[in-house]
Amino acid sequence: MEYIQLGKSGLKVSRICLGCMSYGDPGRGTHEWVLKEDESRPFIKTALEKGITFFDTANVYSLGASEEIVGRAIRDFAKRDEVVIATKVHGKMRDEPNGKGLSRKAILAEIDNSLRRLGMDYVDLYQIHRWDPNVQIEETLEALHDVVKAGKARYIGASSMAAWQFCKALEIAKQKGWSRFVSMQPHYNLLYREEEREMLPLCREEGVGVIPWSPLARGRLARPSHAEPTKRLSSDQFDKTLYANTEAADRKVIDAVTALAKQRGLPQAQIALSWMLHQPVVTAPIVGATKVQQLEDAIAAITVKLSAEEIQRLEASYIPHEVAGFTLPGRKA
């Protein structure tokens, strides 16, 4: 395993981050394909044994069940100070006016709820899951700063939003002397590269670590374009907002991955993840695993080297896409 600093922060993380949305409770939340605790724990244990120290979850994943599972597994399999635990806040947790969003009330309540579920005194990285258009960013940033100063989070990060929004947040934090976002978690992979236009250059310029979600495009890049859809692809409603309108264009990119994987004698997932690890601005892709092979492919991808010509082949068929993964200001979801 390789380790790398998260942007300009002093925090070091494993080059692969284990995404824990797949671990939870099918009866809580909207993801019926998630693994229950007894099925989830072996993946967390194996990840630790293979040197992965970076784990990403969120309060909204299975309405807290993911955090509970991750917390118990870390207590049983690792030393707390030797791992990096990231969680997120924003999504709806309760059916009441302050049960979601990024108000001061919501943030201060949800960090305590997350810590209780995790069974921890602090998280290493506390991230806003999306931009909240109903709350002034100053209110959000000051609350996050107070969370850090209270010792409940070591660093703060953000996830999918417009580049101008992230730039605004970084500048306000600088002006106020508040804790600054050290990471961005964007939707980014070979099928969706729109973040290369503004967000990734901004992160590079500002020294912000990049930890992409869905690096395998919900598994599409890990199998031939004509393969039968998985249970997750068939039932994941959010997935349908990401790639449903670009299937024809995406098929050419997937076919390029398939062809190179056959030529190199490697699984497709290793090729697609290797491409991402070759992007200089990327710190650590967030990889979900519900099969042992998925975890092994993610770790093996670190050592796969691609030539400039191979990278060009993978990228050649990409065409511009509509923004997917978050809602632009002024547009309906």
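Is A217 buried or exposed? In this predicted model, A217 is buried, because its relative accessible area is 0% and buried means under 20%. The residue belongs to the loop that runs between β9 (209-210) and α7 (231-235). Its backbone also deserves a look. Most residues other than glycine have a negative phi. A217 is not a glycine, yet its phi is positive, near 55°.

The next residue to look at is R218. R218 is found in the loop between β9 and α7, and its phi is near 60°, again a positive value in a residue other than glycine. R218 counts as buried because its relative accessible area of 13% falls under the 20% limit.

The buried residues of α3 are A106, I107, E110, I111, N113, S114, L115, R117 and L118. What lies over them? The cover of these buried residues includes the helices α2 (65-77) and α4 (137-149), together with the strands β5 (84-89) and β6 (123-128). Just after the helix comes G119, with a positive phi of about 70°.

Rolling a probe the size of a water molecule over the atoms shows where empty space is left. One cavity of 30 Å³ or more is present in the structure, and the largest cavity holds about 30 Å³ of space. Which residues line the largest cavity? They are L102, W131, D132, V135, I137 and T140. Sorted by class, this lining consists of four nonpolar residues, one polar residue and one charged residue.

Another loop, between α5 (163-176) and β8 (181-185), holds S179. S179 has a relative accessibility of 15%, so S179 counts as buried, the limit being 20%. Which residues does S179 touch, once its neighbours within four places in sequence are left aside? The contacts of S179 are H145, V148, I156 and A173.

Helix α9 spans residues 247-264 and helix α12 spans residues 308-315. Their axes come within 8 Å and cross at roughly 145°. On the α9 side, the residues that meet α12 are V253, A256, V257, L260, Q263 and R264. On the α12 side, they are E310, R313 and L314. The residues of this contact divide into five nonpolar, one polar and three charged.

The loop between α9 and α10 (268-277) includes P267. How is this residue classed? P267 has a relative accessibility of 31%, so P267 counts as partly exposed, a class that lies between the limits of 20% and 50%. Leaving aside its neighbours within four places in sequence, P267 is in contact with A261 and D297. P267 can also be placed relative to A300: the two are 33 residues apart in sequence, while their C-alpha atoms are 10.0 Å apart in space.

How values were computed. Residues numbered from 1 in each chain as written. Predicted model: local features only at pLDDT ≥ 70, side-chain atom pairs only at ≥ 80, totals over all residues. Heavy atoms only, no water. Helix = DSSP H or I, 4+ residues; strand = E, 2+ residues; numbered from the N terminus. Buried < 20%, exposed > 50% of the residue type's maximum accessible area, 1.4 Å probe, protein only. Axes fitted to C-alpha atoms, helices over the stretch in contact; angles between N-to-C directions. Contact = heavy atoms within 4.5 Å. Nonpolar A, V, L, I, M, F, W, Y, C, P; charged D, E, K, R; others polar. 1 Å grid on protein atoms, 1.4 Å probe; cavity = no way out; pocket = protein on both sides within 12 Å on 5 of 7 lines; lining within 4 Å. Points joined across faces, edges and corners; volume = space filled by probe spheres on them.
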